Amino acid sequence: RARVDSANKLLMRMHELMKHCEHCFVPFYLENPQRSKLWHHPIIRKWKHHKASQLVEFDYCQFGTDWKKGTTILSVGNIKFHAGQKVKCSNKRQDNTTICSRTGEPHEVLSGLVKGAHKGQYKTNKACPYPEAFCDHVAPLIAHRKFQSTSIQLPRWVTACPQRMRH
């Protein structure tokens, strides 16, 4: 119960920050695994339907990892970060495994403990960092500075928003 309460508290704080970014015309991003329960939460479902939002899906195997790890990024306010930027695996099933469309090899399954590692190291831990090629793909899109629904320049919202944050 404490874990759920903590996650809900974090979600509410995140929502406040997202509203502040929207108010100040600052593009923002929310990343989570594609199958995360977060995408079904009523607050996040509202953001998914926001006029300036895009859901963009990626599979890490397409960026050089041995595992698929489907990831979704909610982009709000950035016209360059859109669904057309997605990079997905068109994997095929073979027996009980999926075959990567980039390598033709089976995806590594991220469950259980890492063999030969210190005790308690789960395979999912190694999938936490973003693949470098993924960063190279999204960085130029995120560096885009204009908010989708406005042409307000950086100096205006930089000087206006800190005053709003104090209230």
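## Aromatic pairs

At 27% relative accessibility, Tyr-29 is partly exposed, a class that lies between buried (under 20% relative accessible area) and exposed (over 50%), computed with a 1.4 Å probe on protein chains only. The model is a predicted one, in which local features need pLDDT of at least 70 and side-chain atom pairs count only at pLDDT 80 or more, while totals for chains, interfaces and linings use all residues. Residues are numbered from 1 along each chain as its sequence is written, and side-chain values use heavy atoms, with hydrogens and water left out.

Across the whole structure, a search finds 9 aromatic pairs, where rings of Phe, Tyr and Trp (its six-membered ring) pair if their centres lie within 6.5 Å, and planes under 30 degrees apart count as stacked, over 60 as edge-to-face and the rest as tilted. One of them joins Tyr-29 and Phe-81 in a tilted arrangement, 5.5 Å centre to centre with 55° between the planes. Because Tyr-29 lies in strand S1 (residues 28–33) and Phe-81 in the loop between strand S3 (70–76) and strand S4 (92–94), this pair ties together parts that are 52 residues apart in sequence; strands (E, at least two residues) and helices (H or I, at least four) are DSSP runs numbered from the N terminus. Phe-81 is buried, with a relative accessible area of 0%.

Tyr-60 and Tyr-130 form an edge-to-face pair, 6.5 Å centre to centre with 80° between the planes. Tyr-60 is buried at 0% relative accessibility, whereas Tyr-130 is partly exposed at 41%. Tyr-29, Phe-58, Tyr-60, Phe-63, Phe-81, Tyr-130 and Phe-134 form one aromatic cluster.

## Strand S3 and its partners

In S3, 7 of its 7 residues are buried, and both faces are covered, with Gly-70, Thr-72, Leu-74 and Val-76 on one side and Thr-71, Ile-73 and Ser-75 on the other. S1 runs antiparallel to S3 and is joined to it by 6 bridges, while 7 bridges join S2 to S3, also antiparallel; two strands pair if DSSP finds at least two bridges between them. Phe-28 stands opposite Val-76 in S3, and Leu-55 has Leu-74 as its bridge partner there.

## Nonpolar cores

The largest nonpolar core has 12 residues, including Phe-28, Trp-47, Leu-74 and Val-76; such a core is a set of buried Ala, Val, Leu, Ile, Met, Phe, Trp, Tyr and Cys residues joined through side-chain atoms within 4.5 Å. Helix H1 (2–23), S1, helix H2 (42–48) and S3 each give two or more residues to this core, and H2 gives the most, with 3 residues. Apart from this core lies another, of 11 residues, among them Phe-58, Tyr-60, Ile-73 and Val-138.
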